[in-house]
Amino acid sequence: MIRKIIQIDEEKCNGCGACAQACHEGAIGMVNGKAKLLRDDYCDGLGDCLPNCPVGAITFVEREAAAYDEQAVLAHKAKKTGGAKSSQLAQWPCQLKLAPVSAPYYSGADLLIAADCTAYAYANMHQDFMKGRITLIGCPKLDGADYSEKLTEVLKNQEIQSVTVVRMEVPCCGGLELAVKKALEKSGKAIPWQVVTIKTDGSILDRNK
């Protein structure tokens, strides 16, 4: 069929990858340092990638191309995220400010304490971190709160098996890590814990145990 679809000028492309990141369907990939339209049927022809190209290497053309296949795109996305289609949130509320210090779901739990932004920056948050854990989220900068006292009560009086802190690389997230560290010390318990730091591009910077 003849339809509108993107065209990438590889001579103009500077290999920045902005278009590949902007393409929600996964139609664009980086091949040998250049952006390339990988599959016609993944391109919806809406052009979310166009304004993200700093060198104007992407344009619309009308040509013979396979029809946009939404089901194939959804299957591709599911495969990339491990097939996760459902939430792994195990309890409510999940906001640290609202969470109780005592609840049945804490008994024997592995605890995830995450900065708000991590769920938006890290694509596979549910499967990689939330699954099998009780999740508490917060932002010390926006909440203007010291979580250490509440967390101390949770850790001291509940049977927590482990604590995982997921934070962003930005300095303000240091307050969350510090609150957990204080709470662990004040609890008087030797609870295994680790800190996972997420970069602003969504990749994992490091894991400290």
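The chain exposes about 11,500 Å², and carbon and sulfur atoms supply 51% of this area; accessible areas come from the Shrake-Rupley method with a 1.4 Å probe, and for residues only the protein chains shown count as cover. The structure is a predicted model, in which local features need pLDDT of at least 70, side-chain atom pairs count only at pLDDT 80 or more, and totals for chains, interfaces and linings use all residues. Residues are numbered from 1 along each chain as its sequence is written, and side-chain values use heavy atoms, with hydrogens and water left out.

**Overall form**

- The secondary structure comprises seven helices and nine strands, where helices (H or I, at least four residues) and strands (E, at least two) are DSSP runs numbered from the N terminus.
- The chain is more spread out than a compact globule, because its radius of gyration is 22 Å, well over the 17 Å that the globule rule gives for 209 residues. This radius is taken over C-alpha atoms, and the rule is 2.2 Å times the number of residues to the power 0.38.
- Along the principal axes, the C-alpha atoms fill a box of roughly 65 × 30 × 25 Å.

**Burial, contacts and charge**

- Of the 209 residues in the chain, 41% are buried (buried means under 20% relative accessible area, exposed over 50%, and partly exposed in between, with a 1.4 Å probe and protein chains only).
- Among contacts (heavy atoms within 4.5 Å) with a separation of 6 or more, 70% are between residues 24 or more positions apart.
- There are 25 positive and 25 negative side chains, and the centres of the two sets lie 4 Å apart. Lys and Arg count as positive and Asp and Glu as negative, while His and the chain ends are not counted; the place of a charge is NZ of Lys, CZ of Arg, CG of Asp or CD of Glu.

**Cysteines**

- A search of the whole structure finds zero disulfides, a disulfide being a pair of cysteine sulfur atoms within 2.5 Å.
- The sulfur of Cys13 is 6.1 Å from the closest cysteine sulfur, in Cys19, which is too far for a bond. Cys13 is buried, at 9% relative accessible area.
- Cys49 is in no disulfide, as the nearest cysteine sulfur, that of Cys23, is 6.3 Å away. Cys49 is also buried, at 6% relative accessibility.

**Backbone features**

- The peptide bond from Trp92 to Pro93 is cis, with omega near 0°; Pro93 lies in the loop between helix 2 (70-80) and strand 5 (110-115).
- Asn32 has a positive phi of about 55° although it is not a glycine. Asn32 sits in the loop between strand 2 (28-31) and strand 3 (34-37) and is exposed, with a relative accessible area of 79%.
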